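I am opening my notebook on this structure.

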Amino acid sequence: MHSFDFFEKLPKKYQKLLSKYAVKMTIPKGMQLFSQGDICESILFLTKGRVRVFRHHESGQSVTLYYLEAGEQCNVNFTSALNSAPAVGSAVTETIVEGYDVPVEYLVKIFIKDSVYQ
């Protein structure tokens, strides 16, 4: 998590909390991270690789919404997790991906309940 600018700006107790619960992951190319309609329970902080985020249509076609690169988080993943709402798209790894998967409950505690940045 140290590679993300916000991490070093957090109070030490929150750095320790994230370090404890962030799961370092390596995910192979071609893996589905979440599907349209899923409710995400964690947020991936990408440190390496590329992810394609897309939306399925009833016709069977799909449209790419955007690509994620290192240092970015997915808006679809983030919105679904924070709001406990179905994801409006799907995400698949385009390359081998590395990052940290953080359960949303700890991010809510840090950034919403304890309002670190307010």
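I start with a rule: a charge sits over a ring if NZ of Lys or CZ of Arg is within 6 Å of the ring centre and within 35 degrees of the ring normal. I looked for such a case and noted Arg50. The charged end of Arg50 sits over the ring of Tyr67, 3.8 Å from its centre.

**Ground rules**

This is a predicted model, so I note that local features need pLDDT of at least 70, side-chain atom pairs count only at pLDDT 80 or more, and totals for chains, interfaces and linings use all residues. Residues are numbered from 1 along each chain as its sequence is written, and side-chain values use heavy atoms, with hydrogens and water left out.

**Aromatic rings**

Next I looked up ring pairs. Rings of Phe, Tyr and Trp (its six-membered ring) pair if their centres lie within 6.5 Å; planes under 30 degrees apart are stacked, over 60 edge-to-face, and the rest tilted. How many aromatic pairs does this rule give? I get four aromatic pairs.

One is Phe4 with Phe6, a tilted pair, at 6.2 Å centre to centre and 40 degrees between the planes. Both Phe4 and Phe6 are buried. For me, buried means under 20% relative accessible area, exposed means over 50%, and partly exposed lies in between (1.4 Å probe, protein chains only).

Tyr21 and Tyr106 make a stacked pair, 3.9 Å centre to centre with 10 degrees between the planes. Tyr21 lies in helix α2 (residues 12-21) and Tyr106 in helix α4 (residues 104-113), so this pair ties together parts that are 85 residues apart in sequence. I take helices (H or I, at least four residues) and strands (E, at least two) as DSSP runs, numbered from the N terminus. Is Tyr106 buried or exposed? Tyr106 counts as buried, because its relative accessibility is 16%. Tyr21 has 27%, so Tyr21 counts as partly exposed.

**The largest pocket**

Then I turned to empty space. Rolling a probe the size of a water molecule over the atoms shows where such space is left. On a 1 Å grid over the protein atoms alone, a pocket is an open set of points where a 1.4 Å probe fits, with protein on both sides within 12 Å along at least five of seven lines; lining residues have an atom within 4 Å of a point. Grid points are joined across faces, edges and corners, and the volume is the space filled by probe spheres set on the points.

The largest pocket has a volume of about 280 Å³. Of its 18 lining residues, the closest to the centre are Leu33, Phe34, Ser42, Leu44 and Asp101. Which strand gives the largest share of the lining? That is β3, with three residues.

**Single residues**

I looked up Asn77 in helix α3 (residues 75-83). Asn77 is buried, because its relative accessible area is 5%. Contact means heavy atoms within 4.5 Å. Leaving out residues up to four places away in sequence, Asn77 touches Phe34, Cys40, Ser42, Ile43 and Leu44.

Val104 is in helix α4. Its relative accessibility is 14%, so Val104 counts as buried. The C-alpha atoms of Val104 and Cys40 are separated by 8.4 Å, although these residues are 64 apart along the chain.

Glu105 lies in helix α4 too. Glu105 counts as exposed, because its relative accessibility is 52%.
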